[in-house]
Amino acid sequence: MAAGAVRANPCLVHGCHSCCVGNEMPLRDSDIARLESLGYRREDFVRVVDGVRVLATREDGSCFFLGDDGLCSVYESRPEGCRLYPLVWYVDGGRAVLDADCPYRHEFSFGPDVVARLMDLVREIYGEEALKGRAAHKRRRCRASGR
């Protein structure tokens with residue numbers, strides 16, 4: 001790759017938005033505040049599942065912010081979990097993995113700085129125990145799309 005070149009996002013290259021359907025994207029306080037600053041009302045885009053605030057979905061299971069064109073309507077302000085996906089935290093193994101549900105996961109690469117961001121997200125939303133593989137959390141993966 002040439003110096004200064006930006007690697008294309010595989011989701012955009014392939015027109016994929018499968019992670020935006022049938023998921024439970026956890027939200028940080030900062031994610032909610034950022035989306036509210038765009039004029040959205042918290043009660044419209046946040047719901048609580050098992051005590052965790054997640055992005056609301058429509059009746060068809062698609063993300064509240066997924067447009068009819070298959071693109072995120074708040075892409076530049078999307079939640080941290082969306083930014084990190086398909087990197088997810090595998091609770092049972094206590095490690096970061098590429099989500100097996102992502103059809104283009106092998107086209108992504110993440111460095112230690114991104115893994116650290118994921119660990120911060122998991123710690124903030126699910127607690128320190130999730131990082132140690134001993135979460136009381138019901139899901140095996142603390143992932144950007146908690147399907």
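Reader: In what order do the elements of the protein run from the N terminus on?
Author: Keep in mind that this is a predicted model. Starting at the N terminus, the order is α-α-α-β-β-α-β-β-α-α-β. That gives six helices and five strands.

Reader: And what share of the 147 residues is buried?
Author: Buried residues make up 38% of the 147. The accessible surface comes to about 8,000 Å², and 51% of that belongs to carbon and sulfur atoms.

Reader: What about contacts, how much comes from residues 24 or more positions apart?
Author: Taking the contacts with a separation of 6 or more, 64% are between residues 24 or more positions apart.

Reader: Ok, rings. How many aromatic pairs are there?
Author: The count is five aromatic pairs. One of them is Phe-64 with Phe-65, an edge-to-face pair with 4.9 Å from centre to centre and 90° between the planes.

Reader: Are those two buried or exposed, or something in between?
Author: Phe-65 counts as buried because its relative accessibility is 2%. Phe-64 has 26%, so it counts as partly exposed.

Reader: Which pair is stacked, then?
Author: Phe-108 and Phe-110 form a stacked pair, with centres 6.0 Å apart and 10° between the planes. Phe-108 is buried at 14% relative accessibility, while Phe-110 is partly exposed at 26%.

Reader: Which residues form the aromatic cluster?
Author: Tyr-40, Phe-45, Phe-64 and Phe-65 form one cluster. So the edge-to-face pair of Phe-64 and Phe-65 belongs to that cluster, given that both residues are on its list, and Phe-65 is the buried one of the two at 2%.

Reader: Which residue lies over the face of Tyr-75?
Author: That's Arg-78, at 3.8 Å from the ring centre. Tyr-75 and Arg-78 turn up again in the largest pocket, where both are among the lining residues closest to the centre.

Reader: Good lead-in. How much space lies in that largest pocket?
Author: About 650 Å³. It is lined by 31 residues, and the closest to its centre are Asn-9, Cys-11, Tyr-75, Arg-78 and Cys-82.

Reader: Which helices supply at least two residues of the lining?
Author: Helix H1 (10-14) and helix H4 (80-84) each do. H1 gives the largest share, three residues.

Reader: Now the loop between S2 and H4. Where does Ser-62 lie, and what does it touch?
Author: Ser-62 lies in that loop. Setting aside residues up to four places away in sequence, Ser-62 touches Cys-20, Val-21, Ala-56 and Thr-57. The C-alpha atoms of Ser-62 and Asn-23 are separated by 7.8 Å, though the two are 39 residues apart along the chain.

Reader: Why does Ser-62 count as buried?
Author: Because its relative accessibility is 5%, and buried means under 20%.

Reader: And Ser-77, which residues is that in contact with?
Author: Leaving aside neighbours within four places in sequence, Ser-77 is in contact with Arg-34, Leu-35, Leu-38 and Arg-83. Ser-77 is also found in the loop between S2 and H4, and at 14% relative accessibility it counts as buried.

Methods
Residues numbered from 1 in each chain as written. Predicted model: local features only at pLDDT ≥ 70, side-chain atom pairs only at ≥ 80, totals over all residues. Heavy atoms only, no water. Helix = DSSP H or I, 4+ residues; strand = E, 2+ residues; numbered from the N terminus. Buried < 20%, exposed > 50% of the residue type's maximum accessible area, 1.4 Å probe, protein only. Contact = heavy atoms within 4.5 Å. Areas by Shrake-Rupley, 256 points an atom, 1.4 Å probe, with all protein chains shown as cover. Phe/Tyr/Trp six-rings, centres within 6.5 Å; stacked < 30°, edge-to-face > 60°. Lys NZ or Arg CZ within 6 Å of the ring centre and 35° of its normal. 1 Å grid on protein atoms, 1.4 Å probe; cavity = no way out; pocket = protein on both sides within 12 Å on 5 of 7 lines; lining within 4 Å. Points joined across faces, edges and corners; volume = space filled by probe spheres on them.
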